[in-house]
Amino acid sequence: MAHSKGKFPLSAKIQAVRGMKDILPEQTPVWRYLEETVRGVLDAYGYWEIRLPIVESTELFKRSIGEVTDIVEKEMYTFQDGDESLTLRPEGTAGCVRAAIENGIIHNQVRKLWYQGPMFRHERPQKGRYRQFHQIGVEVFGLSGPDIDAELILLTARLWRQLGLLEHVQLQLNTLGSAEARSAYREKLVAYCRERFAELDEDSRRRLDSNPLRILDSKNPAMADLIQGAPQLLDHLDEPSREHFEQLTRLLEMGGVSYVINPRLVRGLDYYGRTVFEWVTDRLGAQGTVCAGGRYDGLVEHIGGRSTPAVGFAMGLERLVLLLTEGAVSRTELPLERYTPHAYFVAVGEAPERAALVLAERLRSSLPRLRLELNMGSGGFKAQIKRADKSGARFALVLGESELAEGQIGLKSLREEGDQRSFSEAELIDFLAGQIAS
Ligand code: HAM
């Protein structure tokens with residue numbers, strides 16, 4: 001990637017790097033809801049979290065993603081650290097495989113792992129495509145049958161159902177066959193493209209020798225005709241891969257997951273073989289793939305481990321958040337109350353303020369699940385009630401001089417009409433306990 005040296009006058013505002021977005025407090029509840037839902041599903045299927053570095057040696061990505069891919073050719077954030085070349089991870093599979101080999105955790109055993117975090121690709125930013133973006137990824141090692149491919153897809157389908165997104169996404173499936181079948185097919189495809197060389201765009205001409213399967217993935221409308229007529233890998237499959245694919249589709253049908261076979265689905269990373277899949281939506285414009293993955297049985301050995309079958313996928317969290325908030329579901333339909341306080345404590349006057357600080361602590365001790373925000377920085381009753389309303393809380397607890405004198409706490413509903421009620425501390429605890437439970 002190119003670096004430009006800009007001059008920053010001292011008075012100039014320093015801005016975020018292009019394509020790298022802040023996720024603001026108003027947005028984080030949706031992110032947390034999404035992440036917690038995904039984690040819940042992964043826990044329910046018996047997957048374990050692995051936490052991985054964001055920086056890896058450049059060589060790892062070159063060797064795993066492939067030298068002649070968009071990511072490695074032009075999208076990596078690479079820098080020199082002494083005499084080492086390092087790269088901000090553009091995806092999680094390579095690092096996960098590296099860690100699994102290095103720590104000896106996949107030898108002779110099955111591992112079902114997941115990870116989460118930022119990835120970096122120097123792409124042209126647009127809606128749903130950023131230079132820093134976030135994935136939750138899943139990788140399974142040690143299983144070669146179609147049952148695990150099916151489980152991964154069923155798991156994602158369950159997730160979409162829980163999020164209310166299932167009817168807005170479509171599963172596209174393909175198989176890339178064995179390495180041998182692919183290389184025989186590759187020759188046929190190259191021969192076909194050479195015959196129609198004049199129709200190839202510049203990118204495809206470049207890929208003809210290095211990575212011809214990627215020609216099928218071209219989004220250039222001028223290439224559509226040529227791609228349509230190209231020989232299909234599905235017709236050149238080896239028998240074991242065909243069997244694997246057929247069993248997978250049968251399992252999906254039994255599991256009630258519908259799919260579309262897309263023979264032109266080749267994926268942009270070189271490590272795949274056999275099953276590949278993408279969940280796509282038409283609600284996000286050009287960046288419609290929300291989750292993608294497949295089988296990569298050769299990768300562990302390729303980067304220095306013992307031959308181990310593997311399969312996985314990653315979902316793009318920005319795209320799912322977009323789908324949840326403006327695409328498919330309206331933000332108001334999301335269960336986000338759990339991220340706002342149950343109650344906001346309004347305390348007016350010096351002595352009530354001091355008393356409220358102590359009382360709030362007692363309430364928190366009595367009700368560990370209570371989310372209680374205590375007003376800070378004083379303020380009159382009206383100003384504090386405004387803050388209480390803005391906090392999203394359902395109730396305001398009110399402590400003024402008169403309540404303090406009477407040993408009572410006021411409670412005002414912020415979401416429904418009604419008079420302020422008065423409780424003793426014990427009554428208030430009972431009342432709040434009931435509210436938290438409901
Ligand atoms: P990928 O298709 O490159 O696969 O990325 C997976 C998902 O990450 C995409 O479907 C998309 O939702 C999201 N994504 C990718 N690039 C961007 C971007 N620039 N901005 C926003 N979202 C983006 C992988 O990364 C593989 N490691 C998946 C995998 C895991 N295969 C096997 N195991």
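This is a predicted model: local features need pLDDT of at least 70, side-chain atom pairs count only at pLDDT 80 or more; totals for chains, interfaces and linings use all residues.
Modeller: Residues are numbered from 1 along each chain as its sequence is written, and side-chain values use heavy atoms, with hydrogens and water left out.

Colleague: Why is Ile385 called buried?

Modeller: Buried means under 20% relative accessible area, exposed means over 50%, and partly exposed lies in between (1.4 Å probe, protein chains only). Ile385 has a relative accessible area of 15%, and therefore counts as buried.

Colleague: What makes Lys127 and Glu326 a salt bridge?

Modeller: A salt bridge requires a side-chain nitrogen of Lys or Arg within 4 Å of a carboxyl oxygen of Asp or Glu. The closest N and O atoms of Lys127 and Glu326 are 2.8 Å apart, and the pair forms a salt bridge. Because Lys127 lies in the loop between β5 (111-120) and β6 (132-141) and Glu326 in helix α11 (residues 317-327), the pair ties together parts 199 residues apart in sequence. Helices (H or I, at least four residues) and strands (E, at least two) are DSSP runs, numbered from the N terminus.

Colleague: How do you know whether Lys127 is buried, partly exposed or exposed?

Modeller: Its relative accessibility is 46%, so Lys127 counts as partly exposed. Glu326, by contrast, is exposed, because its relative accessible area is 52%.

Colleague: What makes Lys74 and Asp70 a salt bridge?

Modeller: The closest N and O atoms of Lys74 and Asp70 are 3.8 Å apart, and the two residues form a salt bridge.
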